[in-house]
Amino acid sequence: MTVRAFRVFGIVQGVGFRPFVYRTAAALGLDGWVANVDGHVEGEVAGDPRAIDEFAARLGTGAPPLARVRRVDLTYGSTVPGKGFRVRASAADHARTAAREIPPDAAICDACLRELYDPADRRYRYPFINCTDCGPRATIIEDLPYDRTRTTMRRFPLCPACAAEYADPGNRRFHAEPVACPDCGPRLAWDDLRGEGALRAAAKAVTDGGIVALKGLGGYQLVCDATDSEAVAALRSRKHRPSKPFAVMVRDIGTAARLAQVSGTERAVLTSPARPVVLLPARRRHPIAPEVAPGVPRMGLFLPTTGPHHLLLGEVARPLVVTSGNLSDEPIAVEDAEAFGTLASVADGFLTHDRPIRARYDDSVVRIAGRTRVTVRRARGLAPAPLPLAAPTPLAGVGAQLKHTFTLAGDGRAHLAPHTGDLSDVPTYEAFRRSYADLKRLTGIEPAVLAHDLHPGYMSTRWAQEQPLRRIAVQHHHAHVAAVAAEHGVSGPFIGVAYDGLGLGDDGTLWGGEILLADLSGHRRVGRFATAPLPGGDAAVRHPSRTALGHLLDAEPLGAPRPSPGLVRPFTERLDPAEAAAVRAMVTRGVNCPRVSSAGRLFDAVAALLGLADSVSYEGEAAVRLEATAGTVHAVPLAHRIVQEDGLWVYDSTPTVADLLERRASGEPVRDLAAAFHLTLARVTADLVARAVEDGAPHTVCLGGGCFANGRLLTEVRRRLRSQGLRVLVGHEVPVGDGGISYGQAAVAAARLAKER
């Protein structure tokens, strides 16, 4: 008889891995045991050597759907286990051998969904139904190893029926830690009502035009009838969210296809266990209220993730707005008392339950450009699943200011934490600090180094400077493109194209339209956009008309003639005279008027010049409107000019703006000019990259920064670069905008530390 010890690393706890090991060993006639140990699984097997080899192979290839096996170690065993195979109790005090990997939450699976609607099943219409293939994970884990006693489900002792399932190797709820039923598990509540009564009360509130605060997996959500204009308008008013699109939850993929155009790739993402919000082209005729996504031809759709979602959709029988349970720019509410206080002025009632939420997770958001998946927000269902990153010492990337995330890295993996929000908001900053402490404890990663942004005003930078650890400063745009390179395993030199709003550059000025020659450890700027003043500084982000006027008044003088007064006059006459005078004074005197080389701010300026967005209520809104207006229209690109200035290739945007105004004055439609602008930036990017390649740059291009969440821009840029024979990469799992900055910071810090060795 041969005896072997095995250890399996990856996402192998909370995903039905021990039951899988049990069944595999039993099928091969092997004796032994398996247990959760710290953040991995280990055990021993005894039997025929060929059966043991087959056992080891199946561990890596036949794992359950939610498992992600990273490594299987097989060594000689020290003792002969007894007859049969068993699941041992977890060893919580075992010495940590690797960073722990936390399983993300998973949407209700098809098997549980069938039971949910089966009148003969004892879990018929039970909202908290789950099994080893689905249900809460990251949002209920209090500690590892992953066992019920270390989750928020420890408050619910198993009834005899659930205990029998939990102990039965042939049952799919064998060691399913969140297992529950109506007799022993959490219950819905609405005021004094419980269970079905609570659900019916919430459904009635929604059908009557009300707003319901629903306790979801990772926090509270605000729900209303997506077909009711008055209800959606009321939600906007109470939540202080004037125009940013809401996500819509629909009952099934068929409903989604009736509301929007759904490709095969989008269908796969919509129905994946992560169940993210997917941004889809809306159909011309649909019942969704126009207030859900005003002026935007895309619709953020997602499918139900939990039993309460399924049951509520069934009762209401129409699509639902399901959005973050917060006031605008604040973190989503998690604690019941917090929700009752914060959301009392928003919701007409609360559909809650008695299972505590341990970690805050908003909904993830993705979009498909061509066949490329782009992550806009990484949160529930995706985070904190590990990403590859080799770091010679444990470290953390602490992120940027907006769309904040942080990353913990160790043992060859990086854990990108869920979306936090804008750190300038005090509750969001406190949420970051709590989330950092919690994830650090759960993963077992104790950073020795912190990587942070160059900007001294970012709250993440200030926090890092308060910690008694070594710090590594990482330039914002280098972090953007390094995130893409690290995700795709690029270790050598590459060209980085970083287009976003603002980030502090190496020279102390504000960057945002950058071509970098880089590797993970360093970078050199080889191209940029021309600079223009940003009247009012950060305040100009909410006033694109100010940015446009700044471009017209004082774009960087690179030799091209400015637009004539006659072309400019229709725009300036549209502005408030007092505001226009104030902007002129700021630009003339250079007061509170920093210069920026920003692609994002150029999008803002063009949107304002075309009359699409003089002011906005959220960052990026002007660019969203410009993309929406462009659609898929074909157009002739605008004029552009690239010059060499101080050793850099510089895109002079003055001819582009002048041509835009001239063609508008001649009567060319706004939609054609919006499309022309996108095509122009794609051609500019291709030309800047071509010049870098002519100067000896490598043929791999990494696209990073929030501007590449724009599907039209991404598609056109990628097409042109590929036609030049270049390898073009963009983030898939890592958010393309500032939500990916922390992962890029961690990658840069890891590379620099490795070079020191």
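User: In this predicted model, which handedness does the crossing of helix H20 with helix H21 have?
Analyst: In the predicted model, helix H20 covers residues 670–694 and helix H21 covers residues 711–723, and their axes come within 9 Å and cross at roughly 40 degrees. As for the sense of this crossing, H20 passes H21 in a way that is right-handed.

User: Is Cys 707 buried or exposed?
Analyst: Cys 707 sits in the loop that runs between strand E30 (700–704) and H21. Because the relative accessibility of Cys 707 is 10% and the cut-off for a buried residue is under 20%, Cys 707 counts as buried.

User: Which backbone oxygen does the side chain of Lys 215 reach?
Analyst: Lys 215 belongs to strand E8 (residues 212–215), and with a relative accessibility of 4% Lys 215 counts as buried. Among the residues that Lys 215 touches, not counting those up to four places away in sequence, are Asp 336, Thr 352 and His 353. At 3.2 Å, the side chain of Lys 215 reaches the backbone oxygen of His 353.

User: Which strands stand at the edges of the open sheet of five strands?
Analyst: The five strands of this open sheet follow the order E4-E1-E3-E2-E5, and their pairing is mixed. The strands at the edges each have a single partner strand, so one side of each is left without a neighbour in the sheet, and these are E4 (68–76) and E5 (85–87).

User: What is the bridge partner of Gly 10 in E4?
Analyst: Strand E1 (residues 2–11) runs antiparallel to E4, and eight bridges join the two strands. Within E4, the bridge partner of Gly 10 is Val 69.

User: At about what angle does helix H1 run to E5?
Analyst: Helix H1 (residues 17–27) lies across E1, E2, E3, E4 and E5. Helix H2 (residues 49–61) also packs on the sheet, where H2 touches E1, E3 and E4 and makes about 155 degrees with the direction of E4. For helix H1 and E5, the angle is about 175 degrees.

User: What is omega for the cis peptide bond that joins Ala 383 and Pro 384?
Analyst: Pro 384 is located in the loop between strand E16 (372–377) and strand E17 (387–388). The cis peptide bond between Ala 383 and Pro 384 has an omega of about 0 degrees.

User: Is Asp 191, which has a positive phi, buried or exposed?
Analyst: Asp 191 lies in the loop between E6 and strand E7 (193–194), and its phi is near 50 degrees, a positive value in a residue other than glycine. Since the relative accessible area of Asp 191 is 67% and exposed means over 50%, Asp 191 is exposed.

Key. Residues are numbered from 1 along each chain as its sequence is written. This is a predicted model: local features need pLDDT of at least 70, side-chain atom pairs count only at pLDDT 80 or more; totals for chains, interfaces and linings use all residues. Side-chain values use heavy atoms; hydrogens and water are left out. Two strands pair if DSSP finds at least two bridges between them. Helices (H or I, at least four residues) and strands (E, at least two) are DSSP runs, numbered from the N terminus. Contact means heavy atoms within 4.5 Å. Axes are lines fitted to C-alpha atoms, for helices over the stretch in contact, and angles run from 0 to 180 degrees between N-to-C directions. A crossing is left-handed if the near helix is turned anticlockwise from the far one by less than a right angle, and right-handed if clockwise. Buried means under 20% relative accessible area, exposed over 50%, partly exposed in between (1.4 Å probe, protein chains only). A polar contact is a pair of N or O atoms within 3.5 Å; within protein, one must be able to donate a hydrogen and the other to accept it, and residues adjacent in sequence count only if both atoms are side-chain atoms.
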